[in-house]
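Please read it alongside the coordinates.

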Amino acid sequence: MEFICSRIDFAKGLHLAEYLADRVSTIPALHGILLETDKNTLTIRSTDLNTGFERTLPARVKREGGAVIPIHPSIPLVSAVAGDEVRV
């Protein structure tokens, strides 16, 4: 998975997804956020198994794919990036 998108939109999406991903759970995947790329979009998803969150952002996708990322190091890292775009 490789993409370029707006840093501000990506950070907002991660912040919104954090509300569900940061809950106490015995299932490790629920402590993360699912990122998926497809054609020209990036989809951010999280769940606590009762409620789900999904946000789709425009992105320049170089390689399609998906990954679950841990929320805690991700938000400060994206917020600290200089410039208007994030390259992942």
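1. Lys 39 counts as exposed, with 61% relative accessibility (exposed is over 50% relative accessible area, buried under 20%, partly exposed in between, with a 1.4 Å probe and protein chains only). Lys 39 sits in the loop between S2 and S3; its phi is near 55 degrees, a positive value in a residue other than glycine.

2. This is a predicted model, in which local features need pLDDT of at least 70, side-chain atom pairs count only at pLDDT 80 or more, and totals for chains, interfaces and linings use all residues. Residues are numbered from 1 along each chain as its sequence is written, and side-chain values use heavy atoms, with hydrogens and water left out.

3. Leu 49, in the loop between S3 and S4, also has a positive phi, about 75 degrees, although it is not a glycine. Its relative accessible area is 61%, and Leu 49 is exposed.

4. An open sheet is formed by four strands in the order S4-S3-S2-S6, with antiparallel pairing (strands are DSSP runs of E, at least two residues, and helices are runs of H or I, at least four, numbered from the N terminus; two strands pair if DSSP finds at least two bridges between them). Strand S4 (52-58) and strand S6 (65-70) are the edge strands, each pairing on one side only.

5. Seven bridges join strand S3 (residues 41-47) to S4 in the antiparallel sense. Arg 45 stands opposite Glu 54 in S4.

6. Helix H1 (residues 7-21) packs on the sheet and touches strand S2 (32-38), S3, S4 and S6 (contact means heavy atoms within 4.5 Å). Helix H2 (residues 71-80) also packs on the sheet, touching S2 and S6.

Notes:
Axes are lines fitted to C-alpha atoms, for helices over the stretch in contact, and angles run from 0 to 180 degrees between N-to-C directions.
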